[in-house]
Amino acid sequence: MELRQLRYLVAVVEEGGFTRAAARLHLAQPGLSAQIRQLEKELGQPLLDRSGRSVTPTEVGRAVLPYARAALAAADAVRQTVDEHTGLLRGKVTLGLVSGATGHAFDVAAFLAEFHGAHPALEVALTEDTSERMQAALLAGEIDIALLGPTWEEPPPGLTHRTVIDVPLCAAVASGDPLLVPAGRATLPLAELRDRPLICLPRGTGVRAALERGCSRAGFRPRVAFEAASPQVLAQFAARGLGIAVLPLGEEGPGPGGGLCSLRIVEPGLRARIVLAWPATGPASPAARALLERLRDTLPASPR
């Protein structure tokens, strides 16, 4: 009996079949099947019922599974103990990142290259999604750490966060728009956007949540004509006169030909925030703890 055979058995049970288990283990299916048959032959009992649409453990298989999982956990603990004494980190950590989350303030590629250089045996998976879905994934334990734009007014129980970016929201307006009268104005009351077509990030993002909350308090619903995941694309749409882009200050750019002017939204003032978020109980693995520590050292805390 070998540990890898126990790992294969657990994978087949968890995936409900040999095909998905082979893909998960990066093995050819015939080789996986042969290893399970060899294990069953050694034990003298079938461990898996292959007669149905999905593969399920037999009665003996169900009795064996807790011991198989315990053996695998013990082997992993041995490796982790050795790694902790040698300073080597192994395993996998998942970092969630909202699209366009940090703009030019954080070079994700450079950060991950440096982190990988320090921990070459550690696998870092980067996933992009909306802030709302990443908040749910953090709470469900599906990702370890995330950089996201919070959609909450009060942080949900179970999450800890640190704000790394906190800037005003602005209206990016094409030159010649009546909103730029009188000349030289720098701010725009939110109510002046009541009947204007707006260009904004999609629902589930922090910026969109801030806009919708602000408009609700001002007594109207925002008329969002165009959505895009990239602030730069929103600015391009606005520069072509397709609407008013609602963007974090500093993300609007000049637009094609320099044809955009930025007015900070006031009455009420709206803000765009990016936070570093992780489970309130702390990262689950040494790998995730190391990544969080490096992120906290790399990303400065926002003064607000």
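Modeller: Contact means heavy atoms within 4.5 Å. The model discussed here is predicted.

Colleague: Which residues in helix 9 meet F111, E114, F115 and A118 in helix 5?
Modeller: Helix 5 spans residues 108–118, and helix 9 spans residues 286–298. On the helix 5 side the residues are F111, E114, F115 and A118. Their partners in helix 9 are A287, A290, L291, R294, L295 and T298.

Colleague: Which hand has the crossing in which helix 5 passes helix 9?
Modeller: Two packed helices are described by the angle between their axes and the distance between the axes. The hand of the crossing is a further item, and for helix 5 passing helix 9 it is right-handed.

Colleague: At what angle do helix 1 and helix 2 pack?
Modeller: Helix 1 is made of residues 3–15 and helix 2 of residues 18–25, with the axes 8 Å apart. These helices are oblique to each other, and helix 1 passes helix 2 in a right-handed crossing. The contact involves Y8, A11, V12, E14 and E15 of helix 1, with F18, R20, A21, R24 and L25 on helix 2. The packing angle is about 125°.

Colleague: How many disulfides does the structure hold?
Modeller: A disulfide needs two cysteine sulfur atoms within 2.5 Å. For C200 the closest cysteine sulfur is that of C215, at 9.1 Å, which is too far for a bond. C261 is in no disulfide either, with the sulfur of C170 nearest at 11 Å. The number of disulfides is zero.

Colleague: Is C200 buried or exposed?
Modeller: The cut-off for buried is under 20% relative accessible area. C200 has 0% relative accessibility, so C200 is buried.

Colleague: Which residue does a cis peptide bond join to V181?
Modeller: Most peptide bonds are trans. Here omega is about 5°, and the bond is cis. The second residue lies in the loop between strand 6 (159–174) and strand 7 (187–189). That residue is P182.

Colleague: What is phi of E267?
Modeller: E267 is in the loop between strand 11 and strand 12 and counts as exposed at 62% relative accessibility. Phi is positive although the residue is not glycine, with a value near 55°.

Colleague: Where is H26, whose phi is near 60°, found?
Modeller: H26 has a positive phi and is a residue other than glycine. At 72% relative accessibility, H26 counts as exposed. H26 is found in the loop between helix 2 and helix 3 (29–43).

Colleague: Which element of the protein chain has the lowest mean pLDDT?
Modeller: The protein chain averages a pLDDT of 87, and 91% of the residues score at least 70. Strand 8 (residues 198–200) has the highest mean among the elements, at 95. The lowest mean, 85, belongs to helix 4 (residues 59–86).

How values were computed: Residues numbered from 1 in each chain as written. Predicted model: local features only at pLDDT ≥ 70, side-chain atom pairs only at ≥ 80, totals over all residues. Heavy atoms only, no water. Buried < 20%, exposed > 50% of the residue type's maximum accessible area, 1.4 Å probe, protein only. pLDDT = per-residue confidence, 0-100. Helix = DSSP H or I, 4+ residues; strand = E, 2+ residues; numbered from the N terminus. Axes fitted to C-alpha atoms, helices over the stretch in contact; angles between N-to-C directions. Parallel < 35°, antiparallel > 145°, perpendicular 65-115°, else oblique. Left-handed = near helix turned anticlockwise from the far one by under 90°.
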